[in-house]
Amino acid sequence: MKPDRPSFAVVAERRFRLAGKAIIEQHNPYFLPIDQQRELCERNGIPFISFAHYDYLGLSKHPDVVAAASEELHRQGTGVGASRLVGGERAGHRVFERKLADFLGVGDAMSLVSGYLVNVSLINYLMGPRDLVLIDELAHNSIFVGAKNGRYDHRVFAHNDLDDLERQLDELRGQYRNVLVVVEGLYSMDGDIPDLPRLVALKEAHDAWLLVDEAHSYGVLGATGRGLCEHFDVDPKRIELTVGTLSKSFVSSGGFICAEQGVIDWLRFTLPGFVYSVGLSPAALGSAHGALDQLQADPQRVTRLHDNSLYFRDRAREAGLDTGAAIGCGVVPVLFATSMQTMIASQVLLEQGVYAPPIVQMGVPKDQPRIRFFISADHTHEQMDKAIGIVAGAVAGNAGTGAELQTAVMGA
């Protein structure tokens, strides 16, 4: 007789509840169709403002970027049809990658169809038995998934605590063949950055490798958007690997890896996430290339982004809001005391045309709920002041009593 086991649907439901389903059962602020929300706001005479998107440089609707995507789409068609290795690539793939490498000051670059796939595929491929991966505890999920899938050891060190990293390197380095240290250039949940000069000194002193995930820092950090190395005036060639995404400052989709040319040549023939995936679609390639051209032609966008980010952070702090360790560059979180308070503030923002979803379960500790505000070069002071004022009012209870706000959020 077969054992009485729960069905797949029942198991899925249990796991959903463990993941926090109760939070959204009466009010779900996620998966909002923002195009419809924008139209609704406009019909009601309310300007729609988004602080939820990674369009740091304000290029997603730039006419030249849209034209570049459209030109590639009409010239090449909708897809590339196969892996670049076995089906051939478009000339534009390598033109873009070489231009990107030149801009970032690295030996070469290779693009992949998914930014998440970059870390999952790369870390697992690089490291093997008798190797160790040391990861900042607040690194992106893709880094941890990549690290957990291999036949090597992996450990975490306290967030941005390089004393902890140094202690572990001192203790463990001699036990392993290769050691890879993994950090982010700009942490997207907290808006802070690592001490790159000390990281480079540590990895060189311990004969380790360094991988910096610059998904949120390319186009954001540095005077001209060249990332963490430019921010600290460190030669990019001193870092073994950096990875980036095309979905943020480059307003497209996909990811990329930067390294010495010989390393990229090797990975182009062997990295599973590249070899067994198609190349960037023509439209994605065109938009990313167009955004890179605009970034190089108009570095003042980076300056405006920096100015806006500092303005938002400083005004938020003046309003009594907790922005944590944010340096004020691209990402500025506002931390709340409870998940309910976070949900309420997000709902009140949305009712007044400001889109900034709550982060209460996924990606952050359960006791540190927040709303992340992604700042753009195109945001105005008036828009930022409006958002800050709404949040400050919600926190202080000025938008209504706690019971009224909870009723609005829970839909009762």
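Asp207 sits in the loop between helix 9 (196-205) and strand 6 (209-213). Check its backbone next. Phi is near 50° for Asp207, a positive value in a residue other than glycine. Most residues other than glycine have a negative phi. Keep in mind throughout that this is a predicted model.

**Arg130**

Now jump to Arg130. Here too phi is positive in a residue other than glycine, near 70°. Look for Arg130 in the loop between helix 6 (115-126) and strand 3 (131-136). Is Arg130 buried or exposed? Its relative accessibility is 56%, so Arg130 counts as exposed.

**The whole chain**

Zoom out. Show the cartoon: the protein has 17 helices and 12 strands. The radius of gyration is 22 Å, close to the 22 Å that the globule rule gives for 412 residues, so the protein is as compact as a globular protein of that length. The C-alpha trace spans about 60 × 60 × 55 Å along its principal axes.

Of the 412 residues, 52% count as buried. Take the contacts with a separation of 6 or more: residues 24 or more positions apart account for 72% of them.

**His62**

Select His62, in the loop between strand 1 (49-50) and helix 3 (63-76). At 15% relative accessibility, His62 counts as buried. What does His62 contact, leaving aside its neighbours within four places in sequence? The partners are Gln294 and Arg301. Show side chains for the Gln294 pair: the side chain of His62 makes a polar contact with the side chain of Gln294, at 3.3 Å. Then draw a distance from His62 to Ala82. The two are 20 residues apart along the chain, and their C-alpha atoms are separated by 30 Å.

**Arg301**

Follow the other partner. Arg301 lies in helix 14 (residues 300-318). Its relative accessibility is 10%, so Arg301 counts as buried.

**Ser50**

Step to Ser50, in strand 1. This serine is buried, with a relative accessible area of 17%. Which side chain makes a polar contact with the side chain of Ser50? Pick His53; the distance is 2.5 Å. Beyond neighbours within four places in sequence, Ser50 is in contact with Tyr355 and His379.

**Ser287**

Last stop: Ser287, in helix 13 (residues 282-297). At 10% relative accessibility, Ser287 counts as buried. Display its contacts, leaving aside neighbours within four places in sequence. They are Val65, Ala69, Phe250, Val251 and Ser252. Keep Val251 selected. Ser287 and Val251 are 36 residues apart in sequence, with a C-alpha to C-alpha distance of 6.8 Å.

Terms used
Residues are numbered from 1 along each chain as its sequence is written. This is a predicted model: local features need pLDDT of at least 70, side-chain atom pairs count only at pLDDT 80 or more; totals for chains, interfaces and linings use all residues. Side-chain values use heavy atoms; hydrogens and water are left out. Helices (H or I, at least four residues) and strands (E, at least two) are DSSP runs, numbered from the N terminus. Buried means under 20% relative accessible area, exposed over 50%, partly exposed in between (1.4 Å probe, protein chains only). Contact means heavy atoms within 4.5 Å. A polar contact is a pair of N or O atoms within 3.5 Å; within protein, one must be able to donate a hydrogen and the other to accept it, and residues adjacent in sequence count only if both atoms are side-chain atoms. The radius of gyration is taken over C-alpha atoms; the globule rule is 2.2 Å times the number of residues to the power 0.38.
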